[in-house]
Amino acid sequence: MTETLKLTDVSHDYGHGDLRVRALDGVSLTVRAGELIAVMGPSGSGKSTLLGIAGGMEHPSIGEVIVDGTPLRSLNAQALAAVRRRSIGFIFQNYNLIPILTVLENVAVPLELDDWPRARALKTSRQALAEFGLLEVADSYPENLSGGQQQRVAIARATAGSPRLILADEPTGALDSITGESIVRLIRERVDAGAAAIVATHDARLAAWADRVLTLEDGHLYATTEMQR
Amino acid sequence: MSVAMSLLAMIAQGPRYGYELRAEFDRRTSARWPLNIGQVYKTLDRLEREGLVEKRSGTDAEGHVFYTVTAAGVAASSVWIQQADPVPTRARDDLAIKVAIAVTLPGVDVTALLRAQRREAITRLQQLTHESGGEPVRTAQDLASRIVSDALLIEAETQLRWLDQVSDRVRDAIARGISLAIPFDTERPRRGRPRANRSTDPTDIPGGKNNDD
């Protein structure tokens with residue numbers, strides 16, 4: 001299987017001098033296409049930092065991050081932003097939808113930012129919404145949707161451009177358990193279709209859908225389980 | 001008890017025979033706790049002795065013996081379905097004992113123990129999730145199946161939450177400078193005597209006649 005993401009000896013510090021906090025400490029991780037990884041761990045253990053670094057939101061203090069064969073540190077800001085748009089789909093606990101745009105426009109935003117012609121971006125977005133059973137709310141605004149619907153829109157937005165890597169930070173944290181299950185099923189389906197994904201979560205039920213469960217404790221990453229599928 | 005009352009509740013809906021009851025029980029509980037037919041007939045005999053069901057005389061064309069509910073059976077079934085079950089309490093929680101002992105013994109790697117136990121709990125959750133398939137509920141049988149699998153999933157999840165809580169407590173205790181190990185009492189307690197009257201007899205050793213284990 002293709003290595004979609006490779007982190008090698010990644011450490012990351014916040015602050016300086018006596019106030020320096022090591023958020024990640026010597027983390028190495030390879031995620032392949034078709035693989036769903038769950039990262040568990042207590043609050044402040046470094047889960048969000050790990051996702052931010054894997055997604056090129058920030059460079060690690062030490063170590064290397066390779067997405068789809070490209071070392072992120074080798075890229076300038078513009079090229080890095082392009083990798084983030086094309087190769088990586090982000091899903092957040094609080095959905096991060098843009099309130100003044102309709103559902104359809106929200107899904108189309110990353111495609112348009114990636115210079116897709118508007119008509120093509122809207123057509124692809126409409127197809128993505130249809131796949132998620134959201135076509136009937138395409139012209140609604142996020143505030144008129146339930147939490148579960150908003151998260152499905154966020155997943156449609158994150159995956160409309162068929163990114164090879166999906167990074168989800170507590171995607172079910174704000175949802176009831178049955179809605180949460182439907183959300184993780186959507187992520188699982190994307191992974192089974194060939195994406196790679198890392199999901200940071202407190203939710204053991206969500207983690208149980210992963211192929212591998214890893215635990216972060218004080219910045220160290222430990223392999224916890226591996227599921228044979 | 002729940003098997004007997006489940007069979008009774010199904011007979012209360014209309015006459016049933018043994019193999020039918022076994023199949024219906026398994027179907028409604030996703031065969032998670034499958035019954036053997038001997039168990040079914042033994043249970044039916046008991047229900048009959050207790051006057052809750054009656055065996056019909058004769059058989060159908062296929063030789064099935066049917067059981068019907070009595071008035072007392074209807075009442076018992078209704079009470080069972082409507083009355084809350086007591087929350088199960090375990091006489092002893094072996095894992096809680098193990099962790100409490102391990103945490104308070106000097107030189108034990110508690111972190112490794114908790115990590116190993118987490119691995120067990122997550123593996124169990126993964127297996128149950130895989131078995132349940134996670135498909136959305138579309139039929140009454142899907143619903144029954146999810147009710148059973150949710151009970152097992154939540155049990156495994158609860159253990160995981162408890163392990164998280166233990167980790168947090170241990171971390172917090174260490175951060176507050178609390179020494180985790182409880183030193184062994186140098187004065188050995190004797191059976192049946194208050195601590196104030198401790199013996200100084202050097203022959204009073206654990207495992208001797210005064211040991212109450």
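**Strands, domains and contacts**

Author: Happy to. In this predicted model, Ala38(A) lies across from Val213(A) of β9(A).

Reader: Nice start. How do β3(A) and β9(A) pair, and over how many bridges?

Author: They run parallel, with four bridges between β3(A) and β9(A). β3(A) also pairs in the parallel sense with β8 of chain A (residues 196-200), again over four bridges. In that pairing, Ala38(A) stands opposite Val199(A).

Reader: And is β3(A) itself buried or exposed?

Author: Five of the five residues of β3(A), which spans 36-40, are buried, so the rest of the structure largely encloses this strand. Both of its faces are covered: one side has Leu36(A), Ala38(A) and Met40(A), the other Ile37(A) and Val39(A).

Reader: Switching topic: how many residues of chain A are in contact with chain B?

Author: On the chain A side there are 15, in contact with 16 residues of chain B. The elements of chain A that give two or more residues to that side are α6 (177-192), α7 (204-207), β9 (212-217) and β10 (220-226). By class, the chain A side has eight nonpolar, four polar and three charged residues.

Reader: OK, over to chain B. What order do the strands of its open sheet come in?

Author: The order is β1-β3-β2, with antiparallel pairing. β1 (16-17) and β2 (53-55) of chain B are the edge strands, each pairing on one side only. Between β2(B) and β3(B), the latter at residues 66-69, there are three bridges, and Val53(B) stands opposite Val69(B).

Reader: Which residues of α1 in chain B are buried?

Author: Ser6(B), Leu7(B), Leu8(B) and Ile11(B) are the buried ones in that helix, residues 2-11. Their cover includes β1, α2 (18-28), α3 (37-49), β2, β3 and α4 (71-82) of chain B.

Reader: Which residues of chain B does the UniProt domain annotation cover?

Author: Residues 7-75 of chain B, which an unreviewed UniProt entry annotates as "Transcription regulator PadR N-terminal". That span is 49% helix and 13% strand, and its end C-alpha atoms are 14 Å apart.

Notes
Residues numbered from 1 in each chain as written. Chains lettered and ligands numbered in written order. Predicted model: local features only at pLDDT ≥ 70, side-chain atom pairs only at ≥ 80, totals over all residues. Pairing = 2+ DSSP bridges. Contact = placed C-beta atoms within 7 Å. Nonpolar A, V, L, I, M, F, W, Y, C, P; charged D, E, K, R; others polar. UniProt positions renumbered as here; feature names shortened; annotations may be inferred. Buried ≥ 20, exposed ≤ 12 C-beta atoms within 10 Å, placed from the backbone.
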